[in-house]
Amino acid sequence: MPTSQPIAAAGGVHIKSKLPHVGTTIFTIMSNLAALHKAVNLGQGFPDFGCDPALTDMVNRAMQDGHNQYPPMGGAAPLRIAISDKIATLYGHRYHADNEITVTAGGTQALLTAILCCVHAGDEVIVIEPAFDSYLPAIHLAGGVAVCVPMRLSNQGYSVDWQAVGAAITPRTRLIMINTPHNPTATVFAPSDMEQLRALVQGTDILILSDEVYEHMVYDGRQHESVSRYPELLERSFVVSSFGKTFHVTGWKVGYVAAPAALTAEFRKVHQFNVFTVNTPMQHGIAAYLGDPAPYLALPAFYQRKRDLFRAGLESTRFKLLPTEGSYFQCVDYRAISDLGEAEFATWLTTEIGVAAIPVSAFYREPRESGIVRFCFAKKEETLNLALERLAKV
Ligand code: PMP
């Protein structure tokens, strides 16, 4: 859970916080703790390996070719065209590159801008918990009310309780947020999830914000259920993705939103005063790199190898593994090892065992203790092996 500190500015001037319950995120806290204790950092979700040098070459070339001034507000045309082609090829729907795709400063800005453009004061937004930590503050900043619906947790792992989602819908529901593949639970929606969502929103004005930043990390031959595969869903949806995840460049903060023209028009009204544009050379570099689909098509196999290596190592420990259907996260149940709360256990694991993890309780508005922590396996094999060596001693 974030720690909350009211801030008093210098000279005794007080600022009334718009987000009084938000402080330093658990990701920063655990990363700092990991650095302090020289722990293997499997907490925060980012790769410890580099991107394809061909990609940095293309960005360098874009700079040298003079792509260094403001691009069009919606994004550089070659990138919007490349995104439109990619979605059409993968999911069968062609978003118009001119007025249905907007390049954003990563997934986080895409989510905030989408929420700000359609959630009015007092509107309700359904959030399925556990949820990525930017969702609730973004809703709050828009003046909306988050209605949190917990996922079901059984021996088979986490799943969305669509009946509970349906029960949470009221005449004030403006938006439902979904996330597949899911952070932190690593679950992936099946066609039946999409069908249940479709049935719930049919005939309503409810919009959908679909966080698909892990779209290329889906394992065991499953397919990614993008809302853009489903005509009745995509007509009311903002689809969010992130090149930071897809190309191992989380620091570049380039992503996009695909949405029908009427939704994109509203999105861009906020976007143009939120960031206006996103850095130009990276957009041109990424556009060129997208010319070859091989790198992102190779991603499921690339990460599945890491998942399998990590899971095989954990099999001989006392951690109980939850399924990882997608994303680059592995959740484990530690109740056979300790009865500490999740935050205390994650801290102990970092400081005493030397492996940092994130408590899943941090992804809930009201922390709930399930005895589960999340590891990130977007790491070099040697990093995963070192972590496994240490975890074997627990
Ligand atoms: N959504 C989810 C579910 C995420 O895990 C993340 C990144 N951790 C984001 C959105 C944000 O993506 P970006 O880094 O591109 O802002």
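**Arg198 and Glu232**

I looked up Arg198 first: Arg198 forms a salt bridge with Glu232, and the closest N and O atoms are 3.1 Å apart. A salt bridge here is a side-chain nitrogen of Lys or Arg within 4 Å of a carboxyl oxygen of Asp or Glu. The model is a predicted one: local features need pLDDT of at least 70, side-chain atom pairs count only at pLDDT 80 or more, and totals for chains, interfaces and linings use all residues. Residues are numbered from 1 along each chain as its sequence is written, and side-chain values use heavy atoms, with hydrogens and water left out.

Arg198 lies in helix α7 (residues 191–201) and Glu232 in helix α8 (residues 231–234), so the pair ties together parts that are 34 residues apart in sequence. Helices (H or I, at least four residues) and strands (E, at least two) are DSSP runs, numbered from the N terminus. I noted Arg198 as buried at 18% relative accessibility, and Glu232 as partly exposed at 40%. The cut-offs are under 20% relative accessible area for buried, over 50% for exposed, and partly exposed in between (1.4 Å probe, protein chains only).

**Other salt bridges**

I searched the whole structure and the count came to 11 salt bridges. Among them is the one between Asp220 and Arg307, at 2.8 Å from N to O. Asp220 sits in the loop between β8 (207–211) and α8, and Arg307 in helix α13 (residues 299–315), so this pair ties together parts 87 residues apart in sequence. Asp220 is partly exposed, with a relative accessible area of 47%, while Arg307 is buried at 7%. I also checked Arg152, whose side chain meets that of Asp161 in a salt bridge (3.7 Å, N to O). Arg152 counts as partly exposed, at 46% relative accessibility.

**Glu342**

Glu342 is found in helix α14 (residues 342–353). Leaving aside neighbours within four places in sequence, I listed the contacts of Glu342 (heavy atoms within 4.5 Å). They include Tyr334, Pro359, Arg368, Glu369 and Val373.

**Nonpolar cores**

I looked up the largest nonpolar core, which has 67 residues. Such a core is a set of buried Ala, Val, Leu, Ile, Met, Phe, Trp, Tyr and Cys residues joined through side-chain atoms within 4.5 Å. Met177, Phe238 and Phe319 have the most contacts inside this core. Helix α4 (residues 106–118) supplies the largest share of the core, 6 residues. I then took Met177 by itself: not counting residues up to four places away in sequence, Met177 touches Leu111, Ile115, Tyr135 and Leu209, among others. A second, separate core of 50 residues includes Trp162, Phe247, Val254 and Ala258.

**Ligand**

Which residues are the closest to the ligand? I found Thr108, Asp211, Tyr214, Ser242 and Lys253, out of 13 residues that surround the ligand. A residue is listed if one of its heavy atoms lies within 4 Å. I next looked up N or O atoms paired with an oxygen atom of the ligand. The side chain of Thr108 has one at 2.6 Å, the backbone of Gly107 one at 2.7 Å, and the side chain of Asn183 one at 2.8 Å.

**Backbone geometry**

Most residues other than glycine have a negative phi, and most peptide bonds are trans. I looked for departures. A cis peptide bond joins Asn183 and Pro184, with omega about 10°; Pro184 lies in the loop between β7 (173–179) and α7. Another cis bond joins Glu129 and Pro130, with omega about 5°. Pro130 is in the loop between β3 (124–129) and α5 (135–141).

Ser327 has a positive phi of about 70° although it is not a glycine. I placed Ser327 in the loop between β11 (320–321) and β12 (329–333), and it is buried, with a relative accessible area of 0%. His248 also has a positive phi, near 60°. His248 is found in the loop between α9 (243–246) and β10 (255–258) and counts as buried at 17% relative accessibility.

Note on methods
A polar contact is a pair of N or O atoms within 3.5 Å; within protein, one must be able to donate a hydrogen and the other to accept it, and residues adjacent in sequence count only if both atoms are side-chain atoms.
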